[in-house]
Amino acid sequence: MNSETNLYEQLGESPGLRRIIETFYGNVVREPLLAPLFPEDIEPVIERQHQFLTQFFGGPPLYSEQHGHPMMRARHMRFPVTNERADAWLACMDAALAENGVEDELREFVVARLKGPAYHFVNTP
Ligand code: HEM
């Protein structure tokens, strides 16, 4: 892991992040706790997540340019996000990083970085 560059660069910028996010949603739609929450056409979700994680990891502010203030917790309010679903979401991401050959130290750092938001989005006991 290189502390001189941001996570967006370390994950391979746009194409690297794209591959990870595609793998991630492949995992999500096979996860029984998560799949029912997502639309059949997952492509637009992949696109918005790519824009969001680009800016979240230190790349250009693509999400805000297209959709305004992220307000991510508010955008998740219409879905019942439980603690178990946050665990499952993070596990799908952890696996997607590993499946794309992200080395352990970087993978663990990225998952730790996403843990805060994931549990913050929990809105249902
Ligand atoms: C905690 C467990 C989570 C669950 C169950 C969850 C579930 C969902 C669902 C159901 C959608 C809507 C898909 C649609 O468009 O119909 C969504 C959208 C999204 N989620 Fe999550 N999510 C979780 C965590 C996260 C985390 C940790 C992040 C990033 C830090 C994130 C980022 C996004 C983004 C960027 C979108 C698209 C927002 C938009 O519509 O513009 N989610 N999520």
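Trainee: What should I know before I start?

Mentor: It's a predicted model, so local features need pLDDT of at least 70 and side-chain atom pairs count only at pLDDT 80 or more, while totals for chains, interfaces and linings use all residues. Residues are numbered from 1 along each chain as its sequence is written, and side-chain values use heavy atoms, with hydrogens and water left out.

Trainee: Let's begin with the backbone. What is the phi of E13?

Mentor: The general idea is that most residues other than glycine have a negative phi. Here, E13 is not a glycine, yet its phi is positive, near 50°. E13 sits in helix α2, residues 13-28 (helices are DSSP runs of H or I, at least four residues, numbered from the N terminus).

Trainee: Is E13 buried or exposed, or partly exposed?

Mentor: Buried means under 20% relative accessible area, exposed over 50%, and partly exposed in between, with a 1.4 Å probe and protein chains only. E13 has 38%, so it is partly exposed.

Trainee: Where is M71, and what is its phi?

Mentor: M71 lies in the loop between α4 (62-67) and α5 (72-75). Its phi is about 35°, again positive in a residue that isn't a glycine. With a relative accessibility of 45%, M71 is partly exposed too.

Trainee: Now pockets. What volume does the largest pocket have?

Mentor: The idea is that rolling a probe the size of a water molecule over the atoms shows where empty space is left. On a 1 Å grid over the protein atoms alone, a pocket is an open set of points where a 1.4 Å probe fits, with protein on both sides within 12 Å along at least five of seven lines. Its volume is the space filled by probe spheres set on the points, which are joined across faces, edges and corners. For the largest pocket here, that comes to about 760 Å³.

Trainee: Which residues line the largest pocket?

Mentor: Lining residues have an atom within 4 Å of a point. There are 26 of them, and Y25, F38, Q49, M72 and H76 lie nearest the centre. Two or more lining residues come from each of α3 (43-56), α4, α5, α6 (83-99) and α7 (104-120). The biggest contributor is α3, with six residues.

Trainee: How many of the lining residues are nonpolar?

Mentor: Ala, Val, Leu, Ile, Met, Phe, Trp, Tyr, Cys and Pro count as nonpolar, Asp, Glu, Lys and Arg as charged, and the others, Gly among them, as polar. By that scheme the lining has 19 nonpolar residues, three polar and four charged.

Trainee: Next, helix packing. At what angle do α6 and α7 cross?

Mentor: Axes are lines fitted to C-alpha atoms, for helices over the stretch in contact, and angles run from 0 to 180 degrees between N-to-C directions. The axes of α6 and α7 come within 10 Å and cross at roughly 155°. That makes α6 roughly antiparallel to α7 (over 145 degrees; under 35 is roughly parallel, 65 to 115 roughly perpendicular, and the rest oblique).

Trainee: And how does α2 pack against α6?

Mentor: Their axes are 8 Å apart, at an angle of about 135°. So α2 is oblique to α6. For α2 and α3, the angle is about 130° and the axes are 10 Å apart. That pair is oblique as well.

Trainee: Last one: how far apart are A95 and R107 in space?

Mentor: They are twelve residues apart in sequence and 9.2 Å apart, C-alpha to C-alpha. A95 is in helix α6, and its 28% relative accessibility makes A95 partly exposed. As another pair, take R30 and V102: 72 residues apart along the chain, with 21 Å between their C-alpha atoms. R30 is in the loop between α2 and α3, and at 64% relative accessibility R30 is exposed.
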